[in-house]
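Please read it alongside the sequence and the structure.

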Amino acid sequence: LAACEAALQQSIAIAHGMNLAKDLGNLAPNICTPAHLAKQAKDLAKSHKLKATVLEEKDMEKLGMGSLLAVARGSEQPAKLIVLEYHGAAKKENPVVLVGKGVTFDTGGISLKPAAEMDEMKFDMSGAGSVLGTLQAVAEMKLPINVVGIIPATENMPSGKATKPGDVVTSLSGQTIEILNTDAEGRLILCDALTYAERYNPKVVIDIATLTGACVIALGNFTTGLMSNDDKLAQELLAAGEQAADRAWQLPLWDEYQDLLRSNFADIANIGGRAAGTITAACFLSRFTKKYRWAHLDIAGTAWKSGKDKGSTGRPVPLLTQFLISQAKATS
């Protein structure tokens with residue numbers, strides 16, 4: 001009976017987390033701005049005894065987050081770097097860090113997207129929504145684990161101030177990036193957030209992002225793409241997805257793909273051509289994750305539905321929460 005009651009409480013907490021992620025995803029993009037995401041994080045912190053920190057653009061400039069700020073340049077909405085900390089274990093326990101892409105609307109910037117279905121680009125913050133939803137579920141369950149959520153939040157808009165194809169920017173890591181396509185913006189904001197994650201001395205880092213249309217072509221709308229620099233971590237995430245009926249599939253992250261990101265003018269280009277687009281996006285991120293165990297979840301096909309059922313799915317909150325439940329059990 002106790003096991004059944006525990007499972008019921010976990011299920012309720014996961015449902016609440018999914019609902020938060022869905023509600024944020026479904027909001028109109030003139031409402032769900034970076035500032036709105038920051039307010040939601042602060043409200044969540046107050047109601048569930050978390051620690052919330054919001055870095056403003058001036059803070060990011062001081063740190064040297066040139067890649068994230070490059071995406072934000074075209075928008076009238078100020079970018080935010082949102083950090084939420086949940087402490088359910090001893091302070092000495094290294095946290096699991098979740099990094100969620102928070103592009104609250106993605107026009108593609110100067111590399112403008114086609115008009116058809118552009119309204120669905122309000123869902124481009126679904127990674128951020130899943131981080132907030134997962135932290136809510138973890139806090140409700142009072143899991144004995146430490147978790148940090150990091151959300152780089154911005155719009156990607158075209159304007160006279162917007163970043164142009166061919167621009168070169170310097171990331172927080174010090175690596176320079178040639179921006180060949182301003183619509184490959186998710187990796188540009190994630191790379192600075194992934195470098196920022198180093199300061200938490202993480203046990204593992206998992207980023208969640210509606211990153212590539214190529215992932216939808218490869219896996220459709222049923223399966224999340226998974227890539228990792230640590231096979232044990234990848235297997236743990238795959239197992240969590242199976243258990244939670246929120247499945248992922250692992251794609252290779254071999255060194256051969258890195259050559260596709262070569263630039264004549266910077267350390268790395270932000271795109272690698274049409275071939276293996278999902279993998280080269282993860283290869284880009286891997287350049288910024290060498291100091292810890294890391295996995296990348298590409299949820300471009302699973303975060304929302306189109307057509308008459310248009311709306312957020314709340315995925316991958318179940319996968320992430322089940323992974324954290326398993327991690328908490330392993331360390332308790």
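The largest cavity has a volume of about 70 Å³. A cavity here is a set of points, on a 1 Å grid over the protein atoms alone, where a 1.4 Å probe fits but cannot get out; a pocket is an open set with protein on both sides within 12 Å along at least five of seven lines; and lining residues have an atom within 4 Å of a point. Grid points are joined across faces, edges and corners, and a volume is the space filled by probe spheres set on the points.

The model is predicted: local features need pLDDT of at least 70 and side-chain atom pairs count only at pLDDT 80 or more, while totals for chains, interfaces and linings use all residues. Residues are numbered from 1 along each chain as its sequence is written, and side-chain values use heavy atoms, with hydrogens and water left out.

**Cavities**

- The search gives two cavities of 30 Å³ or more.
- Thirteen residues line the largest cavity, and Ala70, Val71, Asn156, Thr163 and Thr182 lie nearest its centre.
- The lining of the largest cavity divides into seven nonpolar, five polar and one charged, where Ala, Val, Leu, Ile, Met, Phe, Trp, Tyr, Cys and Pro count as nonpolar, Asp, Glu, Lys and Arg as charged, and the others, Gly among them, as polar.
- The second largest cavity, of about 30 Å³, is lined by Ala21, Ser126, Gly129, Ser130, Ala303, Ser312, Gly314 and Arg315.
- Helix α5 gives the most to the lining of the second largest cavity, three residues; helices (H or I, at least four residues) and strands (E, at least two) are DSSP runs, numbered from the N terminus.
- By class, that lining has two nonpolar, five polar and one charged residues.

- The largest pocket holds about 860 Å³ of space.
- It has 34 lining residues, of which Lys113, Asp183, Leu211, Thr212 and Gly213 are the closest to its centre.
- Two or more lining residues of the largest pocket come from each of α6, α7 (213–219) and α9, and α7 has the largest share, with four.
- The lining of the largest pocket comprises 13 nonpolar, 11 polar and 10 charged residues.
- The second largest pocket holds about 220 Å³, and its lining includes Val216, Phe222, Trp304, Lys305 and Arg315.
- Four nonpolar, six polar and two charged residues make up the lining of the second largest pocket.

**Salt bridges**

- The whole structure has 15 salt bridges, each a side-chain nitrogen of Lys or Arg within 4 Å of a carboxyl oxygen of Asp or Glu.
- Lys80 and Glu56 form one of them, at 2.7 Å from N to O. This pair links distant parts of the chain, with Lys80 in strand β2 (residues 80–87) and Glu56 in the loop between β1 (51–55) and α3 (57–63), 24 residues apart.
- Lys80 is buried at 12% relative accessibility, and Glu56 is partly exposed at 25%; buried means under 20% relative accessible area, exposed over 50%, partly exposed in between (1.4 Å probe, protein chains only).
- Lys310 pairs with Asp119, the closest N and O atoms being 2.7 Å apart.

- Helix α1 (residues 2–26) has 25 residues and should span 36 Å at 1.5 Å a residue; its end C-alpha atoms are 36 Å apart, which agrees. The expected span is 1.5 Å times one less than the number of residues.
- The buried residues of α1 are Ala13, Ile14, Gly17, Leu20, Ala21, Leu24 and Gly25, and their cover includes α2 (34–48), α5, β14 and α10 (317–331).
- Helix α10 is mostly covered, with 11 of its 15 residues buried, among them Leu319, Leu320, Phe323 and Leu324.

**Thr154**

- Thr154 is in strand β5 (residues 146–156) and is buried, with a relative accessible area of 0%.
- Beyond its neighbours within four places in sequence, Thr154 has contacts (heavy atoms within 4.5 Å) that include Pro34, Val71, Val103, Phe105 and Ile189.
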